[in-house]
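Good morning, and thank you for joining this group meeting.

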Amino acid sequence: MEQQNTLDERQRWYWRKNIRFILGLLAVWATVAYGGAILFAEPLSNIQFFGVSLAFWIAQQGSILVFFSLILIYAIRMDRLDKKYAQLLKEDKEG
């Protein structure tokens, strides 16, 4: 069975933007979660932050705070993208 391409130009634009943004956020998350807590744990262990090593703090609290921040950033940016997409659809119908 052959699958038809059912997405129009606006929908492809929307999903390209969405996926690109998600990949960027995942890269930030991976950098903080794995980089800060695992890959750079030894050099960050020498830095004290709130009475504990920075590597420990990133692994325990920092990565969670970054994760919640990324969720908030995603929600705000997707709201803007959704509004822009709706505006483009409205212009297509009017024009």
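Arg 77 lies in helix H3. This is a predicted model, and in it Arg 77 has a relative accessible area of 42%. The residue is therefore classed as partly exposed, since that class covers values between 20% and 50%.

Arg 77 also belongs to a positive surface patch, together with Arg 12, Arg 16, Lys 17, Arg 20, Arg 80 and Lys 84. Two elements, helix H1 (9–39) and H3, each give two or more residues to this patch. Which element gives the most to the positive patch? The answer is H1, with 4 residues.

Let us remain with helix H3, which spans residues 54–94 and also holds Leu 88. Is Leu 88 buried or exposed? Its relative accessibility is 15%, so Leu 88 counts as buried, the cut-off being under 20%. Beyond its neighbours within four places in sequence, Leu 88 is in contact with Arg 10 and Trp 13. Arg 10 stands 78 residues away from Leu 88 along the chain, yet the C-alpha atoms of the two are separated by 7.8 Å.

Ser 53 is part of strand S2, which comprises residues 52–53. With a relative accessible area of 16%, Ser 53 is buried. Which residues does Ser 53 contact, once its neighbours within four places in sequence are left aside? They are Leu 44, Ser 45, Ile 47 and Gln 48.

Thank you for your attention.

Conventions. Residues numbered from 1 in each chain as written. Predicted model: local features only at pLDDT ≥ 70, side-chain atom pairs only at ≥ 80, totals over all residues. Heavy atoms only, no water. Buried < 20%, exposed > 50% of the residue type's maximum accessible area, 1.4 Å probe, protein only. Contact = heavy atoms within 4.5 Å. Patch = residues over 30% accessible without salt bridge, like charges linked within 9 Å, V, L, I, M, F, W, Y side chains within 5 Å. Areas by Shrake-Rupley, 256 points an atom, 1.4 Å probe, with all protein chains shown as cover. Salt bridge = Lys/Arg side-chain N within 4 Å of Asp/Glu carboxyl O. Lys, Arg positive; Asp, Glu negative; His and termini not counted. Charge placed at Lys NZ, Arg CZ, Asp CG, Glu CD.
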